[in-house]
There are 2 protein chains.
Amino acid sequence: MKKQYISDAVIRRLPRYYRYLDELHSRGVVRISSSTLGKRMGVTASQIRQDLSCFGEFGQQGYGYNIMELRAEIGRILGVDEPRRLIIIGAGHLGHALLQNFDFAQGGFRLDTAFDVAPELIGTQINGVAIRSMDELDSYCAMYHPAVAVLTVPKNAAQEIANHLVSLGVRGLWNFTNVELDAEESVFVENVHFADSLLTLSYRIAKDPGAGKEET
Amino acid sequence: MKKQYISDAVIRRLPRYYRYLDELHSRGVVRISSSTLGKRMGVTASQIRQDLSCFGEFGQQGYGYNIMELRAEIGRILGVDEPRRLIIIGAGHLGHALLQNFDFAQGGFRLDTAFDVAPELIGTQINGVAIRSMDELDSYCAMYHPAVAVLTVPKNAAQEIANHLVSLGVRGLWNFTNVELDAEESVFVENVHFADSLLTLSYRIAKDPGAGKEET
């Protein structure tokens, strides 16, 4: 496999490839050309070939990609095949929604515990995941070394909790708090910015010639 | 303003520019060069200049961008300055979290009502927004013509509700259901895929030389 700098844009397309291949695989499709895959995803065939060439040699001239193989390979690149432990900090509405609906296992994450400060939540389970007191966070991390923490806590607690998690050895923060966290270089912070997505939708509606202003 | 095809990648960077400029503005920064802005955002200066050139002429050689002006201009491009009405369908945990924490007004959206089927929610308010029965959806839409609906409903209800919303004149769906919705061309669907974000984080941790497998 070539060693090279891989741009952020390429990295961000990998999960999308994975998702589309997953969908095709579950629909029983066996192989696909880069141009067909590209059309589905709204990127060019050459973009796909170029992206994948960062990671090795995939596909075959005149045949295209074997979906199962390519999916497995991208899964390996994404680290999905190495189970890592994940915890959720904050089992309020957003944390609860993730616990209830998000398939962490599919992304290669093991989740058995979420932490909160609310007495009425501590000791309960959500979707089979135990909610423990924040007081137990240190001992849990010392024993299980979670790699990733999901931050679904109030804004004003975000930075302090992030610092504490990093001191406990957490290497990645999936940050839903909308706070730009300061963290040392060795820690990976992935921010979920809902607003970026809504503004993209806003743009498309604003630019559509069929769009009329709402009646207010 | 030039009329031209604008790629999805450019469109998706616009909200990020807007967000960074917002942050700089709120910190009292008045102007910025494309290279400094690029460094903060992890894109090149020429990328920024090229992206913005799709929409007009911005910035000045040797001065850079006036942050307030550029922010206002991008806001206009994104349609933030035209208030549009938005409704939320589903006030469960995820809907509740958005109602509680997300600033719809900042994106130019007016939100006064969410809809649900749960008797214990109907008639209540969350963060000043009234929760009404789904039975009132048709009459509300006939009166207020919401442009956008946020879909935070269970998967199995998603497509049917989406069809109904479109028949009521909703033009954009902000889809959190993880269902690939079928919708006619004139409707804009913006899917929020949490998994793409988590897998990006997974990749970075997997690729980091400092990463060890967790002890399980």
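## A sheet in chain A

Ile89(A) stands opposite Leu151(A) in β7(A). This pair belongs to a predicted model, where local features need pLDDT of at least 70, side-chain atom pairs count only at pLDDT 80 or more, and totals for chains, interfaces and linings use all residues. Residues are numbered from 1 along each chain as its sequence is written, chains are lettered from A and ligands numbered from 1 in written order, and side-chain values use heavy atoms, without hydrogens and water.

β3(A) and strand β7 (residues 148-151) of chain A run parallel, joined by 4 bridges. Two strands pair if DSSP finds at least two bridges between them. Strands (E, at least two residues) and helices (H or I, at least four) are DSSP runs, numbered from the N terminus. Strands of a sheet pair through backbone hydrogen bonds, either parallel or antiparallel.

Now take the whole sheet. In chain A, 7 strands form an open sheet with mixed pairing, in the order β5-β6-β4-β3-β7-β8-β9. β5 (125-126) and β9 of chain A stand at the edges. Each has a single partner strand, so one side of each has no neighbour in the sheet.

## Strands and a hairpin in chain B

Strand β4 (residues 109-116) and strand β6 (residues 129-133) of chain B pair in the parallel sense, over 4 bridges. Here Phe115(B) stands opposite Arg132(B) in β6(B).

β6(B) also pairs with strand β5 (residues 125-126) of chain B, in the antiparallel sense and over 2 bridges. Ile126(B) has Val129(B) in β6(B) as its bridge partner. β5(B) and β6(B) form a hairpin with 2 residues between them. In the turn, Asn127(B) has a positive phi of about 50 degrees.

## Where the chains meet

Contact means heavy atoms within 4.5 Å. Chain A brings 67 residues to the contact, and chain B brings 67 residues. Between them the chains bury about 6000 Å², with 63% of it on carbon and sulfur atoms. Buried area is the accessible area (1.4 Å probe) that two parts lose on being put together, summed over both.

Across this interface there are 22 residue pairs in polar contact, both residues at pLDDT 80 or more. A polar contact is a pair of N or O atoms within 3.5 Å; within protein, one must be able to donate a hydrogen and the other to accept it, and residues adjacent in sequence count only if both atoms are side-chain atoms.

Which element of chain A gives the most to the side that touches chain B? α8(A) does, with 14 residues.

## Salt bridges

A salt bridge is a side-chain nitrogen of Lys or Arg within 4 Å of a carboxyl oxygen of Asp or Glu. The interface of chain A and chain B has 7 salt bridges. One of them joins Arg19(A) to Asp196(B), with the closest N and O atoms 2.5 Å apart.

Another salt bridge joins the side chains of Arg12(B) and Asp8(B) (3.3 Å, N to O). Both residues lie in helix α1 (residues 8-26) of chain B. They are 4 residues apart, about one turn of the helix.

## Two copies, one axis

A rotation of 180 degrees, with 0.0 Å of shift along its axis, superposes chain A on chain B (RMSD 0.0 Å). The two copies are thus related as by a two-fold rotation axis. The superposition is by least squares on the C-alpha atoms of residues with pLDDT of at least 70 in both.

In chain A, the C-alpha of His93(A) is nearest the axis, 2.3 Å from it. The same surface serves both copies, as 100% of the contact residues of chain A recur in chain B.
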